[in-house]
Amino acid sequence: ALPYDLDGVRVLISAGGTREPLDPVRYLGNHSSGKQGFALARAAAQRGASVTVVAGSTADPGDPAGVHIVRISNAQELAEEMTKRAADADVVIMAAAVADFRPIAVADAKIKKGDQGPAPIELTTNPDILRGLVEARDDGRIPSETVIVGFAAETGDETGGVLEHGRAKLARKGCDLLVVNAVGDGKAFGTEDNTGWLLSAKGDETALPFGSKTLMSSRILDEVRQLVPDGRGA
Ligand code: C5P
């Protein structure tokens with residue numbers, strides 16, 4: 001049985017992928033299924049947390065029960081919802097696969113094939129939401145005791161630097177915990193299972209055993225629980 005140790009703790013989770021529009025019918029997207037974010041939401045709710053999920057594109061068959069779901073489509077909408085809602089959260093988990101770039105302009109009408117062949121797509125950079133949340137905490141726009149968790153999907157094998165990339169990313173993003181998982185070759189995206197490492201800003205590194213995204217979620221929440229100040233929640 002899951003421990004009931006997040007009673008009343010307010011947990012905000014982003015899940016799934018973003019879709020960056022090109023024209024009224026096309027977008028740039030990614031293969032995120034939202035399964036890890038939804039699994040975290042279910043596990044946190046079962047442990048007593050009050051959970052909100054801001055979800056982009058997902059392939060998960062079921063929205064988690066007992067969880068407040070807010071739907072968004074693109075990275076800018078996700079940034080807006082997360083920034084607004086983070087002020088009322090004890091824990092913020094960025095499990096969404098956010099597009100780093102978006103098309104610079106969205107065409108009003110469907111882009112035609114044309115005679116010249118394909119037109120290049122010009123991109124611009126999306127805000128880094130996770131980094132922005134850490135900055136908001138540093139500036140006092142969200143409470144200093146808010147726990148902020150990021151994910152890192154890295155390609156490469158263990159020796160090829162997945163863990164090294166994770167350590168660098170944790171430092172760069174400034175979050176409290178970073179869940180590092182290996183992607184590519186059918187790993188993590190859309191699958192039922194996951195594996196990786198949990199890195200903490202304090203320098204702890206925990207290997208997460210290969211297993212279901214539910215199991216992974218409970219390991220992540222165990223670490224999160226340690227960081228939530230006593231007296232938070234019910
Ligand atoms: O930099 P990278 O995309 O690898 O970082 C992954 C982490 O940062 C994830 O937690 C993801 O949700 C978050 N992210 C974000 N905003 C972006 C890109 C990634 O919050 N524009």
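Q: Let's start with Phe-101: leaving aside its neighbours within four places in sequence, which residues is Phe-101 in contact with?
A: Two residues are in contact if their C-beta atoms, placed from the backbone, lie within 7 Å. Once neighbours within four places in sequence are set aside, Phe-101 is in contact with Leu-123, Thr-124, Thr-125 and Asn-126. Please keep in mind that this is a predicted model, in which local features need pLDDT of at least 70, side-chain atom pairs count only at pLDDT 80 or more, and totals for chains, interfaces and linings use all residues. Residues are numbered from 1 along each chain as its sequence is written.

Q: How far apart are Phe-101 and Thr-124, in sequence and in space?
A: They are 23 residues apart along the sequence, and their C-alpha atoms lie 5.4 Å apart.

Q: Where is Phe-101 found, and how many other C-beta atoms lie within 10 Å of it?
A: Helices (H or I, at least four residues) and strands (E, at least two) are DSSP runs, numbered from the N terminus. Phe-101 is found in strand β7, residues 101-103. As for burial, a residue is buried if 20 or more other C-beta atoms lie within 10 Å of its own, exposed if 12 or fewer, and partly exposed in between, with C-beta atoms placed from the backbone. Phe-101 has 14 such atoms and is therefore partly exposed.

Q: Now for helix packing. How do the axes of α1 and α5 cross?
A: Two packed helices are described by the angle between their axes and the distance between the axes. Axes are lines fitted to C-alpha atoms, for helices over the stretch in contact, and angles run from 0 to 180 degrees between N-to-C directions. Here helix α1 (residues 35-46) and helix α5 (residues 213-227) have axes that come within 8 Å and cross at roughly 60°. That makes α1 oblique to α5 (under 35 degrees counts as roughly parallel, over 145 as roughly antiparallel, 65 to 115 as roughly perpendicular and the rest as oblique).

Q: Which residues of α1 and α5 meet?
A: From α1 come Lys-35, Gln-36, Ala-39, Leu-40, Ala-43 and Ala-44, and from α5 come Lys-213, Thr-214, Met-216, Ser-217, Ser-218, Ile-220 and Leu-221. By class, this contact of α1 with α5 has seven nonpolar, four polar and two charged residues (Ala, Val, Leu, Ile, Met, Phe, Trp, Tyr, Cys and Pro count as nonpolar, Asp, Glu, Lys and Arg as charged, and the others, Gly among them, as polar).

Q: What are the distance and angle for the axes of α2 and α3?
A: Helix α2 (residues 75-86) and helix α3 (residues 129-138) have axes that come within 10 Å and cross at roughly 25°. The two helices are therefore roughly parallel to each other. In their contact, Leu-78, Ala-79, Met-82, Thr-83 and Ala-86 of α2 meet Ile-129, Gly-132, Leu-133 and Ala-136 of α3. By class, the contact of α2 with α3 has seven nonpolar, two polar and no charged residues.
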